[in-house]
Amino acid sequence: MNKVAILGIAVLIIIIASATYRFFEQRKQRISDDNAPVTLYMVEVIDKKEIAVNERRSRENDVTGPEITHYYQVTFRLTTDDRKDLVLKIDKSAYQNIELEMKGRLFMQGSRFIKFETDMPSNEQK
């Protein structure tokens, strides 16, 4: 075999090994989140972002035009003594109900966002 073929096979093995490792790490995290108890944190919303992402390849954009998708990111600050920040990706409906400087309860299961509840009445939020 020539050197190019051996190099190609080595690169293919590395790609397959890294993809397999990533798959099993994600599976392990999902199982860990499923088995974790739901935890309550007292938090304050300090930042929220709607981030546009183009998940298509450049050729797909040339054929049908760019399709922009969004993901929603909220930064919560724990109101306990350590004042640690939690940056979470959440769904659109939860994102729309959260306003800056809101204080409330954050429910998480492992590293998974469950819900955010605030004590503010709905007419004071807007």
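K115 is partly exposed, its relative accessible area being 38% in this predicted model. The side chain of K115 takes part in two kinds of contact. In the first, K115 and E117 form a salt bridge in which the closest N and O atoms are 3.0 Å apart. E117 is likewise classed as partly exposed, at 26% relative accessibility. A network of salt bridges links R105, K115 and E117.

Side chains of opposite charge can pair when their charged atoms come close. Six salt bridges are present in the structure. One of the salt bridges joins R112 and D34, with an N to O distance of 3.0 Å. This pair connects distant parts of the chain, since R112 belongs to strand β5 (residues 112-118) and D34 to helix α1, 78 residues apart. R112 is partly exposed at 29% relative accessibility, and D34 is partly exposed at 44%. A further salt bridge, between K28 and E25, has its closest N and O atoms 3.7 Å apart. K28 and E25 lie three residues apart in helix α1 and are therefore separated by about one helical turn. K28 is exposed, with a relative accessible area of 53%, whereas E25 is partly exposed at 31%.

Three aromatic pairs were found in the structure. The ring centres of F23 and F24 are 5.2 Å apart and the planes stand at 75°, so this pair is edge-to-face. F23 has a relative accessible area of 45% and is partly exposed; F24 is also partly exposed, at 45%. Y72 and Y95 form a tilted pair, with 4.8 Å from centre to centre and 40° between the planes. The tyrosine pair links distant parts of the chain: Y72 lies in strand β2 (residues 68-78) and Y95 in helix α3 (residues 92-96), 23 residues apart. Y72 is buried, at a relative accessible area of 10%, and Y95 is buried at 10%.

The mean pLDDT of the protein chain is 86, and 83% of the residues reach 70 or more. Helix α1 (residues 3-35) has the highest confidence, at 95, and helix α4 (residues 122-125) the lowest, at a mean of 52.

Definitions and conventions:
Residues numbered from 1 in each chain as written. Predicted model: local features only at pLDDT ≥ 70, side-chain atom pairs only at ≥ 80, totals over all residues. Heavy atoms only, no water. Phe/Tyr/Trp six-rings, centres within 6.5 Å; stacked < 30°, edge-to-face > 60°. Buried < 20%, exposed > 50% of the residue type's maximum accessible area, 1.4 Å probe, protein only. Helix = DSSP H or I, 4+ residues; strand = E, 2+ residues; numbered from the N terminus. pLDDT = per-residue confidence, 0-100. Salt bridge = Lys/Arg side-chain N within 4 Å of Asp/Glu carboxyl O.
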